[in-house]
Amino acid sequence: GWLDGQVTLITGGGAGLGRAIAERFVTEGAHVAAFDRSATRLERLTAEVPEVLGIVGDVRSLGDNERAVQQVRQRFGRLDVVVANAGIWDFQASLDSLPADSVDDAFDEVFHTNVKGYLLAAKAAAPALRRRRGSLILTLSNASFHPDGGGPLYTASKHAAHGLLRQLAYELAPDIRVNAVAPGGMATELSGPTALGLDSASISTRAGEWQDVMARALPLSMVPTVDDMTSAYVLLASRAGAKAMTGAVIEADGGIGVRGVFHRAGSGNRPATSDL
Ligand code: NAD
(Lines give C-alpha, C1' and ligand atoms only; values in the text may rest on other atoms or scores of the structure.)
Protein backbone atom coordinates (compact mmCIF):
# COMPACT_ATOMS: atom_id res chain seq x y z
CA GLY A 1 0.00 0.00 0.00
CA TRP A 2 0.86 3.69 -0.29
CA LEU A 3 1.25 4.00 3.47
CA ASP A 4 3.05 0.79 4.44
CA GLY A 5 4.16 0.99 8.07
CA GLN A 6 3.21 4.67 8.50
CA VAL A 7 2.02 5.20 12.08
CA THR A 8 -0.95 7.57 12.00
CA LEU A 9 -3.03 9.31 14.67
CA ILE A 10 -6.44 10.60 13.54
CA THR A 11 -8.49 12.95 15.72
CA GLY A 12 -12.24 12.58 15.41
CA GLY A 13 -11.50 9.08 14.13
CA GLY A 14 -14.64 7.58 15.66
CA ALA A 15 -17.15 8.72 13.04
CA GLY A 16 -17.72 10.32 9.68
CA LEU A 17 -14.70 11.44 7.71
CA GLY A 18 -12.15 10.53 10.42
CA ARG A 19 -13.42 6.99 10.54
CA ALA A 20 -13.34 6.68 6.73
CA ILE A 21 -9.72 7.92 6.75
CA ALA A 22 -8.87 5.39 9.49
CA GLU A 23 -10.29 2.49 7.50
CA ARG A 24 -8.66 3.60 4.23
CA PHE A 25 -5.26 4.08 5.90
CA VAL A 26 -5.43 0.54 7.31
CA THR A 27 -6.05 -0.82 3.80
CA GLU A 28 -3.05 1.23 2.59
CA GLY A 29 -0.81 -0.51 5.14
CA ALA A 30 -0.70 2.15 7.88
CA HIS A 31 -0.85 1.51 11.63
CA VAL A 32 -3.76 3.63 12.82
CA ALA A 33 -4.90 5.15 16.12
CA ALA A 34 -8.29 6.87 16.30
CA PHE A 35 -8.66 9.57 18.95
CA ASP A 36 -12.25 10.59 19.77
CA ARG A 37 -14.31 11.82 22.70
CA SER A 38 -16.92 9.13 22.06
CA ALA A 39 -15.95 5.81 23.68
CA THR A 40 -19.00 4.17 22.10
CA ARG A 41 -17.95 5.12 18.58
CA LEU A 42 -14.39 3.94 19.20
CA GLU A 43 -15.63 0.60 20.57
CA ARG A 44 -17.73 0.12 17.44
CA LEU A 45 -14.77 0.98 15.19
CA THR A 46 -12.26 -1.25 16.99
CA ALA A 47 -14.77 -4.14 17.04
CA GLU A 48 -15.13 -3.87 13.27
CA VAL A 49 -11.51 -2.98 12.46
CA PRO A 50 -9.44 -4.60 15.24
CA GLU A 51 -6.12 -3.25 13.85
CA VAL A 52 -7.14 0.25 14.97
CA LEU A 53 -6.08 1.52 18.40
CA GLY A 54 -8.88 3.54 19.99
CA ILE A 55 -7.96 6.43 22.30
CA VAL A 56 -10.70 8.24 24.21
CA GLY A 57 -10.05 11.92 24.86
CA ASP A 58 -10.97 15.53 24.17
CA VAL A 59 -8.98 17.44 21.53
CA ARG A 60 -9.50 20.64 23.53
CA SER A 61 -7.15 19.30 26.23
CA LEU A 62 -3.37 19.46 25.73
CA GLY A 63 -3.01 16.64 28.29
CA ASP A 64 -5.33 14.38 26.29
CA ASN A 65 -3.44 15.14 23.06
CA GLU A 66 -0.12 14.37 24.78
CA ARG A 67 -1.49 11.13 26.21
CA ALA A 68 -2.72 10.14 22.72
CA VAL A 69 0.75 10.68 21.22
CA GLN A 70 2.28 8.72 24.09
CA GLN A 71 -0.14 5.78 23.65
CA VAL A 72 0.58 5.66 19.93
CA ARG A 73 4.33 5.58 20.53
CA GLN A 74 3.94 2.90 23.21
CA ARG A 75 1.90 0.71 20.88
CA PHE A 76 3.65 1.32 17.54
CA GLY A 77 7.05 2.73 18.56
CA ARG A 78 6.85 5.99 16.58
CA LEU A 79 4.53 8.55 14.97
CA ASP A 80 4.68 9.43 11.25
CA VAL A 81 1.40 11.18 10.46
CA VAL A 82 -1.20 13.15 12.41
CA VAL A 83 -4.59 13.94 10.87
CA ALA A 84 -6.20 16.77 12.89
CA ASN A 85 -9.83 16.37 11.93
CA ALA A 86 -12.22 16.46 14.92
CA GLY A 87 -14.63 19.34 14.47
CA ILE A 88 -18.09 20.68 15.16
CA TRP A 89 -20.44 22.78 13.02
CA ASP A 90 -22.76 25.66 13.84
CA PHE A 91 -25.65 24.50 11.63
CA GLN A 92 -25.51 27.80 9.74
CA ALA A 93 -26.55 29.83 12.84
CA SER A 94 -26.47 33.43 11.58
CA LEU A 95 -25.30 36.40 13.62
CA ASP A 96 -28.90 37.51 14.09
CA SER A 97 -30.09 34.06 15.14
CA LEU A 98 -27.35 33.47 17.75
CA PRO A 99 -28.96 33.95 21.19
CA ALA A 100 -27.30 36.74 23.19
CA ASP A 101 -27.02 34.52 26.27
CA SER A 102 -25.16 31.70 24.51
CA VAL A 103 -23.09 33.35 21.75
CA ASP A 104 -20.09 33.61 24.09
CA ASP A 105 -20.08 29.91 25.05
CA ALA A 106 -20.93 28.80 21.51
CA PHE A 107 -17.96 30.74 20.10
CA ASP A 108 -15.63 29.13 22.65
CA GLU A 109 -16.88 25.63 21.92
CA VAL A 110 -16.52 26.00 18.15
CA PHE A 111 -13.12 27.69 18.29
CA HIS A 112 -11.77 25.43 21.05
CA THR A 113 -12.65 22.35 19.01
CA ASN A 114 -11.91 23.50 15.45
CA VAL A 115 -8.90 25.75 16.06
CA LYS A 116 -7.37 25.05 19.47
CA GLY A 117 -7.93 21.32 18.93
CA TYR A 118 -5.71 21.45 15.82
CA LEU A 119 -3.09 23.65 17.51
CA LEU A 120 -2.87 21.31 20.51
CA ALA A 121 -2.58 18.22 18.30
CA ALA A 122 0.33 19.91 16.52
CA LYS A 123 1.88 21.00 19.83
CA ALA A 124 1.66 17.50 21.32
CA ALA A 125 2.86 15.68 18.18
CA ALA A 126 5.54 18.00 16.77
CA PRO A 127 8.53 16.48 18.63
CA ALA A 128 7.59 12.93 17.60
CA LEU A 129 6.80 13.97 14.00
CA ARG A 130 10.04 15.92 13.72
CA ARG A 131 12.02 12.86 14.76
CA ARG A 132 10.44 10.94 11.87
CA ARG A 133 10.33 13.83 9.38
CA GLY A 134 6.63 13.07 9.28
CA SER A 135 3.58 15.04 8.28
CA LEU A 136 0.54 16.81 9.66
CA ILE A 137 -2.74 16.96 7.73
CA LEU A 138 -5.60 19.26 8.70
CA THR A 139 -9.25 18.85 7.72
CA LEU A 140 -10.38 22.27 6.54
CA SER A 141 -13.66 22.98 4.70
CA ASN A 142 -15.24 24.95 1.88
CA ALA A 143 -15.95 27.27 4.84
CA SER A 144 -12.17 27.92 5.03
CA PHE A 145 -12.55 29.96 1.80
CA HIS A 146 -16.19 30.84 1.14
CA PRO A 147 -19.24 32.09 3.08
CA ASP A 148 -22.41 30.06 3.63
CA GLY A 149 -20.73 26.77 4.53
CA GLY A 150 -21.74 27.70 8.08
CA GLY A 151 -22.60 30.76 10.11
CA PRO A 152 -19.99 33.23 11.37
CA LEU A 153 -18.74 30.92 14.16
CA TYR A 154 -17.92 27.97 11.91
CA THR A 155 -16.74 30.04 8.93
CA ALA A 156 -14.37 32.08 11.11
CA SER A 157 -13.07 28.93 12.82
CA LYS A 158 -12.31 27.23 9.51
CA HIS A 159 -10.64 30.37 8.12
CA ALA A 160 -8.55 30.42 11.31
CA ALA A 161 -7.59 26.78 10.78
CA HIS A 162 -6.38 27.75 7.29
CA GLY A 163 -4.17 30.40 8.90
CA LEU A 164 -2.85 27.77 11.28
CA LEU A 165 -2.03 25.54 8.31
CA ARG A 166 0.04 28.23 6.61
CA GLN A 167 1.91 29.30 9.74
CA LEU A 168 2.68 25.73 10.84
CA ALA A 169 3.82 24.75 7.32
CA TYR A 170 6.22 27.70 7.50
CA GLU A 171 7.48 27.04 11.03
CA LEU A 172 7.80 23.26 10.86
CA ALA A 173 9.61 23.10 7.49
CA PRO A 174 11.71 21.31 6.47
CA ASP A 175 11.13 18.62 9.09
CA ILE A 176 7.34 18.26 8.99
CA ARG A 177 5.14 18.72 5.94
CA VAL A 178 1.82 20.39 6.83
CA ASN A 179 -1.04 20.13 4.33
CA ALA A 180 -4.83 20.08 4.29
CA VAL A 181 -7.94 18.73 2.65
CA ALA A 182 -10.95 21.04 2.35
CA PRO A 183 -14.06 18.94 1.80
CA GLY A 184 -17.48 20.28 0.91
CA GLY A 185 -20.72 19.21 2.62
CA MET A 186 -20.97 15.47 3.35
CA ALA A 187 -23.66 13.52 5.20
CA THR A 188 -21.87 12.54 8.46
CA GLU A 189 -22.56 12.67 12.20
CA LEU A 190 -21.20 16.26 12.30
CA SER A 191 -22.72 17.88 15.42
CA GLY A 192 -22.77 21.33 17.00
CA PRO A 193 -22.05 23.20 20.23
CA THR A 194 -23.80 22.25 23.47
CA ALA A 195 -24.35 25.96 24.10
CA LEU A 196 -26.74 26.04 21.11
CA GLY A 197 -28.40 22.72 22.04
CA LEU A 198 -26.83 21.13 18.96
CA ASP A 199 -24.53 18.56 20.57
CA SER A 200 -26.70 15.63 19.55
CA ALA A 201 -27.88 17.11 16.26
CA SER A 202 -26.23 15.80 13.12
CA ILE A 203 -25.78 17.28 9.66
CA SER A 204 -27.18 14.04 8.20
CA THR A 205 -30.53 14.34 9.92
CA ARG A 206 -31.01 17.67 8.20
CA ALA A 207 -29.73 16.13 5.03
CA GLY A 208 -32.59 15.71 2.58
CA GLU A 209 -33.03 19.29 1.61
CA TRP A 210 -29.47 20.63 1.64
CA GLN A 211 -28.18 17.68 -0.31
CA ASP A 212 -30.61 18.38 -3.15
CA VAL A 213 -29.84 22.09 -3.07
CA MET A 214 -26.09 21.42 -3.14
CA ALA A 215 -26.30 18.93 -5.97
CA ARG A 216 -28.20 21.52 -8.00
CA ALA A 217 -25.80 24.34 -7.17
CA LEU A 218 -22.37 22.73 -7.52
CA PRO A 219 -20.46 22.52 -10.80
CA LEU A 220 -19.93 18.78 -10.32
CA SER A 221 -23.66 18.30 -9.57
CA MET A 222 -23.01 15.99 -6.63
CA VAL A 223 -22.73 15.78 -2.85
CA PRO A 224 -19.47 14.03 -2.03
CA THR A 225 -19.26 11.17 0.46
CA VAL A 226 -16.52 10.62 3.04
CA ASP A 227 -15.10 7.88 0.81
CA ASP A 228 -14.66 10.45 -1.98
CA MET A 229 -12.20 12.29 0.33
CA THR A 230 -9.86 9.59 1.55
CA SER A 231 -7.55 9.45 -1.49
CA ALA A 232 -6.55 13.09 -0.90
CA TYR A 233 -5.42 12.18 2.63
CA VAL A 234 -3.53 9.15 1.35
CA LEU A 235 -1.67 11.35 -1.15
CA LEU A 236 -0.74 13.98 1.45
CA ALA A 237 0.37 11.34 3.96
CA SER A 238 2.53 9.58 1.39
CA ARG A 239 6.24 10.43 1.75
CA ALA A 240 6.89 9.71 -1.91
CA GLY A 241 3.62 11.04 -3.31
CA ALA A 242 3.68 14.41 -1.54
CA LYS A 243 7.43 14.92 -1.14
CA ALA A 244 7.28 18.47 -2.56
CA MET A 245 4.05 19.55 -0.88
CA THR A 246 3.70 21.71 2.19
CA GLY A 247 1.16 24.41 2.96
CA ALA A 248 -1.07 22.93 0.25
CA VAL A 249 -4.83 22.56 0.42
CA ILE A 250 -6.68 20.02 -1.69
CA GLU A 251 -10.16 21.46 -2.23
CA ALA A 252 -12.58 18.57 -2.70
CA ASP A 253 -15.89 20.39 -2.58
CA GLY A 254 -17.55 19.74 -5.92
CA GLY A 255 -16.25 23.00 -7.37
CA ILE A 256 -17.73 25.67 -5.07
CA GLY A 257 -14.93 28.06 -6.01
CA VAL A 258 -15.57 27.77 -9.75
CA ARG A 259 -19.28 28.48 -9.91
CA GLY A 260 -20.18 30.92 -12.62
CA VAL A 261 -22.33 33.99 -12.67
CA PHE A 262 -24.63 33.16 -15.60
CA HIS A 263 -24.42 29.36 -15.43
CA ARG A 264 -23.13 27.25 -12.56
CA ALA A 265 -20.50 25.54 -14.78
CA GLY A 266 -19.73 24.02 -18.15
CA SER A 267 -18.03 26.05 -20.87
CA GLY A 268 -20.37 24.45 -23.40
CA ASN A 269 -23.28 26.26 -21.75
CA ARG A 270 -21.54 29.59 -21.79
CA PRO A 271 -23.44 32.26 -23.70
CA ALA A 272 -21.61 34.33 -26.31
CA THR A 273 -21.00 37.90 -25.14
CA SER A 274 -23.40 39.10 -27.83
CA ASP A 275 -26.19 37.02 -26.24
CA LEU A 276 -25.86 38.64 -22.81
P1 NAD B 1 -18.45 13.65 12.60
O2 NAD B 1 -19.17 14.25 13.76
O3 NAD B 1 -19.12 12.56 11.83
O4 NAD B 1 -17.01 13.17 13.08
C5 NAD B 1 -16.25 13.96 13.94
C6 NAD B 1 -15.81 13.17 15.15
O7 NAD B 1 -15.09 14.08 16.00
C8 NAD B 1 -16.96 12.59 15.98
O9 NAD B 1 -16.78 11.19 16.17
C10 NAD B 1 -16.87 13.35 17.30
O11 NAD B 1 -17.18 12.53 18.44
C12 NAD B 1 -15.42 13.79 17.34
N13 NAD B 1 -15.21 14.99 18.17
C14 NAD B 1 -15.92 16.14 18.16
N15 NAD B 1 -15.46 16.98 19.10
C16 NAD B 1 -14.44 16.35 19.72
C17 NAD B 1 -13.57 16.69 20.80
N18 NAD B 1 -13.69 17.87 21.44
N19 NAD B 1 -12.62 15.81 21.17
C20 NAD B 1 -12.51 14.59 20.53
N21 NAD B 1 -13.31 14.21 19.54
C22 NAD B 1 -14.27 15.07 19.13
O23 NAD B 1 -18.13 14.88 11.61
P24 NAD B 1 -17.33 14.93 10.21
O25 NAD B 1 -18.25 15.56 9.23
O26 NAD B 1 -16.68 13.65 9.91
O27 NAD B 1 -16.23 16.05 10.57
C28 NAD B 1 -14.84 15.84 10.43
C29 NAD B 1 -14.20 17.14 9.95
O30 NAD B 1 -14.69 17.43 8.63
C31 NAD B 1 -14.51 18.36 10.80
O32 NAD B 1 -13.33 19.12 10.96
C33 NAD B 1 -15.50 19.13 9.94
O34 NAD B 1 -15.48 20.51 10.22
C35 NAD B 1 -15.00 18.81 8.56
N36 NAD B 1 -15.94 19.03 7.47
C37 NAD B 1 -17.14 18.40 7.46
C38 NAD B 1 -18.06 18.66 6.44
C39 NAD B 1 -19.41 17.99 6.40
O40 NAD B 1 -20.29 18.47 5.68
N41 NAD B 1 -19.62 16.92 7.11
C42 NAD B 1 -17.72 19.57 5.42
C43 NAD B 1 -16.47 20.19 5.44
C44 NAD B 1 -15.60 19.91 6.48
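How many bridges join β2 to strand β3 (residues 53-56)? I counted four, and the two strands run parallel. For pairing I used the rule that DSSP must find at least two bridges between two strands. Helices (H or I, at least four residues) and strands (E, at least two) are DSSP runs, numbered from the N terminus.

Before going on, I noted that this is a predicted model, where local features need pLDDT of at least 70, side-chain atom pairs count only at pLDDT 80 or more, and totals for chains, interfaces and linings use all residues. Residues are numbered from 1 along each chain as its sequence is written.

**Strand β2**

I looked up the partners of β2 next. Ala33 has Leu53 as its bridge partner in β3. Five bridges join strand β1 (residues 7-11) to β2, and these run parallel. Ile10 stands opposite Ala34 in β2.

I then checked burial, where a residue is buried if 20 or more other C-beta atoms, placed from the backbone, lie within 10 Å of its own, exposed if 12 or fewer, and partly exposed in between. Six of the six residues of β2 (residues 31-36) are buried, so the strand is largely enclosed by the rest of the structure. His31, Ala33 and Phe35 point one way, while Val32, Ala34 and Asp36 point the other way.

I followed the chain on either side of β2. β1, helix α1 (residues 16-27) and β2 make a right-handed β-α-β unit. β2, helix α2 (residues 39-48) and β3 make a right-handed unit too. Right-handed means that, with the strands pointing away from the viewer, the path from the first strand over the helix to the second runs clockwise.

**Helix α5**

I listed its buried residues, among them Leu153, Tyr154, Lys158, Ala161 and Leu165. What covers the buried residues includes α4 (103-132), β5 (135-139), β6 (177-183) and β7 (249-252).

**Ser144**

Where does Ser144 lie? I found Ser144 in the loop between β5 and α5. Ser144 counts as buried because it has 23 C-beta neighbours inside 10 Å. Leaving out residues up to four places away in sequence, Ser144 touches Lys158, His159, Ala161, His162 and Ala182; contact means C-beta atoms, placed from the backbone, within 7 Å. Ser144 and Ala161 are 17 residues apart along the chain, and their C-alpha atoms are separated by 7.4 Å.

Note on methods. Contact = placed C-beta atoms within 7 Å.
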